[in-house]
Amino acid sequence: MSASLTDDRMAQATQLQLTWWRFCRHKLALISLGVIVTFYVIAIFADFLAITDPHATDARRSYMPPQAIQLFDADGFNPHVNGLKGVRDLKTFKMTFAPDQGRKLKVVMFAHGYEYNLFGLIPTDRHLFGIEGGQPVDGIFLLGTDQLGRDVYSRLIVATRISLFIGLAGVTLSLFLGVMLGGISGLYGGWVDTIIQRVIEVVRSIPTIPLWMGLAAALPNTWSVTQVYFAITIIISLVGWTELARVVRGRFLALREEDFVIAAELAGAGQTRIIVRHMLPSFLSHIIAAVSLALPAMIVSETSLSFLGLGLRPPAISWGILLQDAQNVQVLSGAPWLLVAAAPVILVILAFNFLGDGLRDAADPYG
Amino acid sequence: MVESMGRHVLSVRDLAVEFGGDRGTLRALDGVSLDLHAGRVLGVVGESGCGKSVTARAILGILDRAGKVTGGQVLLDPGTSSQQDLVALDPNSQTMRGVRGGRIGLIFQEPMTALSVHYTVGNQIVEAIRAHRELSKADARNRAIELLGEVGIPRPESRVDAYPFQLSGGLRQRVGIAMALAADPQILIADEPTTALDVTTQAQVLALLRRLQRDKGIALMLITHDMGVIAQMADDVAVMYLGRIAEFSPVRDLFARPRHPYTRALLRSVPSIRAEPRDRLATIGGTVPHPGARPSGCAFHPRCPEVIAGRCDQSAPRPVPPLEAGAACFLNEGAA
Amino acid sequence: MLIYLARRLVLAAITCIAISILTFIIIRLPPGDFVDAYIANLASNGSVVSADQAQAMRREYGLDQPVIIQYGMWMSRVVVGDFGVSMMWRRPVTEVIGDRLWLTMAVSFSALFLTWTIALPIGIYSAVRQYSLGDYAATLLGFIGLAIPNFLLALILMYLGFRYLGLSVGGLFSPEFSQAPWSMAKAWDLAKHVPLPACVLALAGTAHQIRIMRANLLDELRRPYVVTARAKGISELHTVLKYPVRAALNPFASSIAYLFPYLVSGSIIVSLVLGLPTVGPLLLQALVAQDMFLAGTIVLLLGIMTVIGTLVSDLLLMWIEPRIRLQGRA
């Protein structure tokens, strides 16, 4: 290995580049980054990836168990699912629907399905795959259906969008509060710092869930889905900012004493310039790490609130709302597939935590 | 080197220590031989990273988990019927624990961090006493007060209940010395005992060490990077470079007739009152190489002003024979 | 030390006031006031309240006064233990809450106790035997605790218990005790039911605490005072337990300050899933029914309990940390 070449590269690299190289050494964090990117891609193309309209109810297919796509039949490669047929239960005389082994529905790529706007702009009805023909009751139910006969797979995919982006929105708000208050606290010190520090201590010692529940329950019933969405975002960001403020303040305090900042001050640079040019770049990586550790907490907050029925309200679809259907043990024992929404929650929390740990190590190799 | 020497109490022979890491093993000590005699002070001097502290810890069997003694012997009471090889002992065995503190005391560099802030100094000294002596708590406490008085701490009967953070740096270092003396060891190893102190305190602590060492006939191994401390304290000096002994000689010879080019370089880098004003203080060119990238041949050759091309970079000079003054250098071999 | 103590007390008082203000906001937030809600409630039962009567009630409760005075009036009633009347139950709030608050605290404290008793030895083991099989196992447990939100864990355990063991996991009492007055038998029954919810609650905290303990202890093990202790000739176990563990205990003890609010929070949502008779389900019912005095009181009492718990942890820290005890700073 030519050591001198690496040294040259190291010497010229910026702070962020160095951080990135150190980060790439953490395999787990890199994999987690991949997982997270995949999740966000799914969120962006949610409607394209969904098969059945996530809002479409059909009482006839309530609690259908998961259904696999059969890739082969007697004629060779011929992906298909079975259609549904009504069967009368001879004891209760109730009509229930079950797969009809005789009726095959061809599964095709880029099929026409329900209409939606891609990126919220382009109206289309193309989906990654779907079935050709079939009656309204038919569909591909990869993860079964819920009580109202809605396709759990499509709902799960679409829920990704709200659950992930509410976390992002909450973190953005928290970041704004945290950076501003933490920055002021660290930069000015003195009594301003003392007050902000005490406020943080107070906020941290309040049990959060009962407070959120109180605040969320106080949102008027008449509010639209969007209004509730924003209100919930604000509520969950109210708590997350303290940790970010703590990180930012700590960095500010440390940096204020650094030689290069003092040098810039002596060179007559203005305060804004010092902060933007000299201080911000050197703790950008810390902030990114703190954000990626704060995100899962936000996502869990939304999930918990919606799970309790105090967060987002149907017809909005989020992981918490999906899990709300799984609250009852009796229901769960009959339809365990409803628990599937727990999987992406756990996966995303893990991925963000690994990513955050990797980033933190990379940003602060000695700390 | 044959005149009035005290009893031979410790003999280190060809000690080798390796540290295992992610990127292979590093050889921190490579065949170090040293000898301690009752009533004498052996100064061990060298730049940071030369293996001084590792030697001290290897002798006591308290290397970090990554470190391992891979060869050599550490003989306690060499040549007597009770001779013991410390390397052969399990570091956690009862016998080895009896040696640590009981036979060999250790004094640290950083008096602040070497004492726990969670216990009073009395508690920490009493613990050291009771690890080696069957004394009641009250007797041990009285002994601790006595020790604190002995190392020159004023009002020892009240200071015994103080926490380390309530004492000044100098007093803390005295506590450290008292603790090392708790079980009356015949051997003391002082690892840079004054580096963290200011100059006046330094002088006081050194004077105290010297007095205690003479009064009790202790064999003292004094590790330092400060040639001034060596001149003031040591009887014999071992100069270390990259895990080997570069030169060993009585202190007078070392300053008068340094044998190794490295010793000469070290001495040149000490400020002298005989220097002309505005003379630049000499520095040793280059830096200490990383132990993982040990130069071939004589490890000092890339920095040596007297390097013999084709020889020093090809083969290593003979090590200094134990108990003899000499230098591991081809220049020296030629003279011999 | 007195200064430190005074500072903590003042901070606790400020926190209590902040919580009371937030509670008051929660009570006031829903559209309409208490009297509107009360009248609507009565109307649904067929009673009619005249406009005059309504006005009289508003005056009695001070609802015609400015907000700040209303807050003052509410507070002055709260400090003497009068939390108002629950709309839903038509009984004083204190009666409705009854044992539930203590049960909440019992579950939360058990979880805290469990967190410590599990995390401490495992954290020490993990640090002392870094990269051993046990260390990896602890790390794995850490990731599981980190990744599964406690209400999901409760849900999964409920499902598994129901599906494979035919048990209904949940509740804090066996059916025969749920309405019975307190007795030794009932307390013993409670003691048998607490471990499961306590475990569910404790998992995430335990995972976190193991990580903290491990990291701190690894740090402390490298300090010179550990070498000093070894050089004295005392045994390795004694050395580790007396010095580095003692030092690593500090951040561990201070973590109770945020661990406790977190556990109380968690107990609310876990109680809902597991059907525990704590204040959790009551709070949700009250919020959904907009029974704001009941909901507000629960939020307030939980907040204050948490502040007291935090204060206790501060005192604990002061007791084990001589620097705070003697110099009033950490």
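1. Two residues count as in contact here if their C-beta atoms, placed from the backbone, lie within 7 Å. The model is predicted. With that cut-off, 2 pairs of chains are in contact, and chains A and C share the most contacts. Chain A and chain B are not joined by any contact. Their closest C-alpha atoms lie 12 Å apart.

2. Next, the contact between chains A and C. Chain A puts 35 residues into it, and chain C puts in 42 residues.

3. Chain C overall. The chain has 17 helices and 2 strands. Along the principal axes, its C-alpha atoms fill a box of roughly 85 × 55 × 35 Å. Of its 330 residues, 41% are buried. Take the contacts in chain C between residues at least 6 apart in sequence: 73% of them join residues at least 24 apart.

4. Chain B is assigned two domains. Domain 1 takes 8–103 + 185–332, and domain 2 takes 112–184. The C-alpha centres of the two domains of chain B lie 29 Å apart. Their contact draws 14 residues from domain 1 of chain B and 15 residues from domain 2 of chain B. On the domain 1 side, helix α7 (residues 199–216) of chain B gives the most, with 6 residues. That side of domain 1 of chain B divides into 9 nonpolar and 5 polar residues, with no charged ones.

5. How do helices α3 (residues 121–130) and α6 (residues 169–180) of chain B pack, and at what angle? The angle is about 20 degrees, and the axes are 9 Å apart. Angles under 35 degrees count as roughly parallel. Therefore α3(B) and α6(B) are roughly parallel to each other. The crossing of α3(B) past α6(B) is right-handed.

6. Which residues meet between α3(B) and α6(B)? From α3(B) come Val121(B), Gln124(B), Ile125(B) and Ala128(B). From α6(B) come Val175(B), Ala178(B) and Met179(B). By class, this contact has 6 nonpolar residues, 1 polar and no charged.

Note on methods
Residues numbered from 1 in each chain as written. Chains lettered and ligands numbered in written order. Predicted model: local features only at pLDDT ≥ 70, side-chain atom pairs only at ≥ 80, totals over all residues. Domains from an automatic or database assignment. Helix = DSSP H or I, 4+ residues; strand = E, 2+ residues; numbered from the N terminus. Nonpolar A, V, L, I, M, F, W, Y, C, P; charged D, E, K, R; others polar. Axes fitted to C-alpha atoms, helices over the stretch in contact; angles between N-to-C directions. Parallel < 35°, antiparallel > 145°, perpendicular 65-115°, else oblique. Left-handed = near helix turned anticlockwise from the far one by under 90°. Buried ≥ 20, exposed ≤ 12 C-beta atoms within 10 Å, placed from the backbone.
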